[in-house]
Amino acid sequence: MNAEFPKLLQISIKEHLLNLGYTEKLIDEIVKATSVVNYGQDTNIHSFVGSVSLAGAGYNLWSVKGGNKKVPEHLIYRNKNVNVVPSCVTKIINLPTEDGKNLYEVYYHNKDSTTIMSSIYDIVIIATPLHHNQEFPIIFEGFPNVDVFSNIGKYHQTMVTFIKADLKPHYFGLIEEIDSILSCEPNKTIISSVGRLNSVEGGMKHSKVWKIFSNTQLKPEIINEMFSNINNAKNITWEAYPEYSTAVHEAKFKLHSALYHVNAIEWAASAMEMSAISGRNVAILAHKEFSQKCYCKFNENMQTDVPENTPSVEL
């Protein structure tokens, strides 16, 4: 991006903004609120992901009708050359060949079946986090160093509570409801944020559905203090994003000869927009490297097929 970019990964957002002349009070109250709600972490996260967090608090944000998930769905299903196999990958085996090329055998099962199937591929692109506490871990076999696939780093666990109820404003020191409340000190407030959820289809205002982020499971008595007329509640534990620090993290986009990892970008910053950038770059990298291999192989075949007495031609 620019020569200064790597430095942003090695200095905290708080120190970076202090160096730029911003006050500690502004950082502790405004900047910390964005890092807490977006990443569940303090202003000791590195300054690039801290800047992405601040961008998420901007006024000119947008969303897609039907949910932002529609973006990748349409990219996939509108491409007639893509064959989607709804399944869960369980294992990837490296298959070296005699000519030095690597093939990969991918084992998977459909979501409604336990029958294991497999297919062999020239290129495999992984677009899911790889960390020590995966809900659906992938086994890697036949690789020189399998640790690179499991010791990538720790992801931060966030608790998400969805609840249909009426907010009690006085719990937060308010006179009436407001649509969102962000914490700049989650150790004191228990929650990271609470916000009103409106339909992704649009048109709905003043919904009674709320989303709460917290770093620990909310106890029923806390929920009862915050809400009244509770109709429904659902909890989700989410390995949401990396545990950020200013330590150098060597996440790799290329894990093996033709095995790539889109989510390496998350160690710079975890966001939908970041994943889009990473997906595009990994696709370009995989295409470039595969084309070079095919070109070299083609040249080798051409040279072996040329008769001994054929004159050479210089172009």
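Is Asp42 buried, partly exposed or exposed? In this predicted model, local features require pLDDT of at least 70 and side-chain atom pairs count only at pLDDT 80 or more, whereas totals for chains, interfaces and linings use all residues. Residues are numbered from 1 along each chain as its sequence is written, and side-chain values use heavy atoms, with hydrogens and water left out.

Asp42 is partly exposed, with a relative accessible area of 35%; buried denotes under 20% relative accessible area, exposed over 50%, and partly exposed the range in between (1.4 Å probe, protein chains only). Asp42 forms a salt bridge with Lys32, with the closest N and O atoms 3.7 Å apart, a salt bridge being a side-chain nitrogen of Lys or Arg within 4 Å of a carboxyl oxygen of Asp or Glu. Because Lys32 lies in helix H3 and Asp42 in the loop between H3 and helix H4 (47-55), the pair ties together parts that are 10 residues apart in sequence. Helices (H or I, at least four residues) and strands (E, at least two) are DSSP runs, numbered from the N terminus.

Lys32 is itself buried, with a relative accessible area of 9%, and also forms a salt bridge with Glu185, where the closest N and O atoms are 3.5 Å apart. Glu185 lies in the loop between strand E7 (180-182) and helix H7 (186-189), so its pairing with Lys32 in helix H3 ties together parts that are 153 residues apart in sequence. Glu185 is partly exposed, at a relative accessible area of 28%. A further salt bridge joins Asp179 to Arg196, with a closest N and O distance of 2.7 Å. Asp179 is partly exposed at 44% relative accessible area, whereas Arg196 counts as buried at 14% relative accessibility. In total, 13 salt bridges are counted.

The largest nonpolar core has 21 residues, and Leu259 is one of those with the most contacts inside it. Such a core is a set of buried Ala, Val, Leu, Ile, Met, Phe, Trp, Tyr and Cys residues joined through side-chain atoms within 4.5 Å. Beyond its neighbours within four places in sequence, Leu259 is in contact (heavy atoms within 4.5 Å) with residues including Tyr104, Val124, Phe140 and Phe253. A second, separate core of 16 residues includes Ile13, Ile27, Ala240 and Tyr244.
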